[in-house]
Amino acid sequence: SCRSGGGGGCAGAVAADCTVPRQVAVWRGSRSGVGSDGYRFSMDITSASTIVLQALTQATSQDTVVLKPAEEQLKQWETHPGFYSVLLNIFTNHTLDVNVRWLAVLYFKNGIDRYWRRISPHALAEDEKASLRAGLIANFNEPVNQIATQIGVLIAKVARLDCPRQWPELIPTLLESVKVQDYLRQHRALLTFYHVTKTLASKRLAVDKRLFQDLASGIYNFACSLWNHHTDTFLHQICTGEADAIKSLERTLLSLKVLRKLTVHGFVEPHKNLEVMGFLNSIFERLKQFLECSRRVSAENTCREKLEKTIILFTKVLLDFLDYHPFSFITLIQRSLEFAVSYVFTSAGEGVTFERFIVQCMNLIKMIVKNDAYKPAKTTEESKPETLEAHKIKISFFNYPTLTEICRRLVSHYFLLTPEELAMWEEDPEGFAVEETGGDSWKYSLRPCTEVLFLDIFHEYSQTLAPVLLEMVQTLHGPTNVEDSVGLLVKDAVYNAIGLAAYELFDNVDFDQWFKSQLLAELHVSHIRYKLIRRRVIWLIGQWISVKFKSELRPMLYEAILNLMQDQDLVVRIETATTLKLAVDDFEFRTEQFVLYLESIFSLLFQLLQQATECDTKMHVLHVISCVIERVGVQIRPHVGCLVQYLPLLWKQSEDHNMLRCAILTTLIHLVQGLGAESKNLYPFLLPVIQLSTDVSQLPHVYLLEDGLELWLVTLENSPSITPELLRVFQNMSALLELSSENVRTCFKIIN
């Protein structure tokens, strides 16, 4: 195995028998040029190679007695003249051990970061850098894939600093090498070409952007021809069943990766370049060819994985181009929408689409629908002509039949719980109930992607779609037969849509009446198969609470929550707790309505906290408990006995789970505020928790400090008197003030 460490990068080791006199004789001095005896040192490359090879070999050892001294020795050599020339000789020698060569590449790569710039301490000499640059591109014949990738990355790192001024021959050499007939050399050159292009495209200074644009305009035609050649070769070979198809596909993928960077980052006004727009328009036809090809390629075929990667890469080119050049994308809007809607919402996609591709297509539709560049201002005069043109294309495309079909298909097909999700509900109910679908998960996961697309389209075209959705709801009047598994799934999906679109449906749905006449009754259907609907209805109510839900209906809701907190299904109980939090946290929450149910509900919440086995679930329930305590204030006092007894045990159990401990701290903050002066009874547990959370010498303080300080402050504010135990916690304060972080204000409040 390969080992890394020492000096911030990979550092290797020399064995104890590699004595100092021999090292000094072969390779003395540092890159400053003059040693302590006043002489300039040089090195014998051949002799040094032997020693460095020995050190690298020992640095791959699993024995720390051998490993550590070798790492120290290699760390010292990092600043010696010629060290990187030796590393180059070692990792380009294919007869040596792979682990040793791998380590040599990593040392070289990390050395570029530290010593390649002229202004770096112990910077490499210009003549050695010139020699290294020539050596790096002398042969593209590395046989080991992982090492070839690392060499490509390190060449790109050098290119970032030296290309094109100090390394004008790099790009011409790569372009010549990708033309050769030898597969290995061609592939390795293409791999390097991709990494170089990717790195140069990422530079953000204006002068660097101009240089990349010059490069792109000079090689774009060649890159397109190269990609077309490899693509045609692959499609022919896969149809005729040739074994070399996988090799052609790899080259297709790499050349497409190069084109993606050139297309997206290489042109200021790409729509004015015929080659760029020609390539982008050709993507749709190529995608169809590859999707049809995937129909014939089985899951066991060696090409399958890379085939899907290539299909996804095509969609990434379109998404990136839309993101960076929305106005240049206008001429592609119609084709993009036709293509994506056809494959995702019609029978055209049957048998050829796969989940990641569907997600990408949906994201493409979403980005066009939501794009601010395509939304006209309030008056035509204030809008750009391009914006008006894009808006016109969207209006033309999203007509009533198209919108209706998209909406119906999203709800009745993509919103349905899958067999995998239903299996997860049974096998891992906590994982199912608290599955994270926030943040950017819509970019990669199908369910959040479909829901976000539905929301965006519904928001944009609510007048057209609201009647469609209401019609779907009206067909589901009354409880569904528990034997009708499809009917239950459809109802779950439609209710999901009504919940997601709650704000848009404010004027269209009399939710209070629906709650009384149907939803409440569905919550009382106790059959095990009806748990899908019980869980979905209580979730749906949670979505509508802040939108339209009369205050006088709250007691009926609390009764339902009390009932469902005792449901036989854990997922239903967790979802009910979530809706409870939304109800309690709402602007129209009234304590006097809730207090009648407080004791029973709080007891059931505590039971749920104990029943949960996963940290995420316990955190989730603790947040609900915290919210309840915060909203009812002092009225919580008679009901917290069991929780107060349980929290020390939970704190101890969560020693390795700092996020759970954060949730406990938040609960304690609200608990102390609710108990007031009575919180002094908690001091035996409370003060050690504050002590640990605010001790900067303890590692957990990184996670716990902010909440720990808040707990410290509210403990003092609610303390009837200052006790010696409270004063002892102040030992942490001087170190906290030295941190001079954003928590200083809280520290001063504590001191005051």
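**View A. Helix α30 and the residue that follows.** Helix α30 covers residues 658-675, 18 residues in all. From first C-alpha to last, α30 reaches 25 Å, close to the 26 Å expected at 1.5 Å a residue. The expected span is 1.5 Å times one less than the number of residues. Helices are DSSP runs (H or I, at least four residues), numbered from the N terminus. Of the 18 residues of α30, 15 are buried, and the helix is mostly covered. Buried means under 20% relative accessible area, exposed over 50%, and partly exposed in between (1.4 Å probe, protein chains only). Just after α30, Gly676 takes a positive phi of about 60°.

The model is predicted: local features need pLDDT of at least 70, side-chain atom pairs count only at pLDDT 80 or more, and totals for chains, interfaces and linings use all residues. Residues are numbered from 1 along each chain as its sequence is written, and side-chain values use heavy atoms, with hydrogens and water left out.

View B. Rings of Phe, Tyr and Trp (its six-membered ring) pair if their centres lie within 6.5 Å; planes under 30 degrees apart count as stacked, over 60 as edge-to-face and the rest as tilted. The count by this rule is 32 aromatic pairs. One of them joins Trp227 and Phe279, edge-to-face, at 5.1 Å centre to centre and 85° between the planes. Trp227 lies in helix α10 (residues 206-240) and Phe279 in helix α12 (residues 274-296), so this pair ties together parts 52 residues apart in sequence. Trp227 counts as buried at 1% relative accessibility. Phe279 counts as buried at 3%. Phe339 and Phe357 have ring centres 6.2 Å apart and planes at 85°, so they too are edge-to-face. Phe339 belongs to helix α14 (residues 330-345) and Phe357 to helix α15 (residues 355-370), so the pair ties together parts 18 residues apart in sequence. Both Phe339 and Phe357 are buried.

**View C. A cluster of rings, and two charges over rings.** Ring pairs link Phe83, Tyr84, Phe91, Tyr107, Phe108 and Tyr115 into a cluster. A charge sits over a ring if NZ of Lys or CZ of Arg is within 6 Å of the ring centre and within 35 degrees of the ring normal. Lys247 lies over the face of Tyr183, 4.8 Å from the ring centre. Over the ring of Phe506 sits the charged end of Lys548, 4.7 Å from the centre.

**View D. The second largest pocket.** A pocket is an open set of points on a 1 Å grid over the protein atoms alone, where a 1.4 Å probe fits, with protein on both sides within 12 Å along at least five of seven lines; lining residues have an atom within 4 Å of a point. This pocket holds about 440 Å³ of space. Its volume is the space filled by probe spheres set on the points, which are joined across faces, edges and corners. Of the 17 lining residues, the closest to the centre are Leu253, Leu254, Lys257, Lys306 and Lys309. Elements that give two or more residues to the lining are α7 (145-162), α9 (183-201), α11 (245-265) and α13 (304-324). Helix α11 gives the most, with six residues.

**View E. Helix α9.** This helix has 19 residues and reaches 27 Å from its first C-alpha to its last, close to the 27 Å expected. Of its 19 residues, 15 are buried.

**View F. Arg554 in helix α25.** Arg554 lies in helix α25 (residues 554-564). At 1% relative accessibility, Arg554 counts as buried. Its C-alpha is separated by 7.3 Å from that of Gln593, 39 residues away along the chain.
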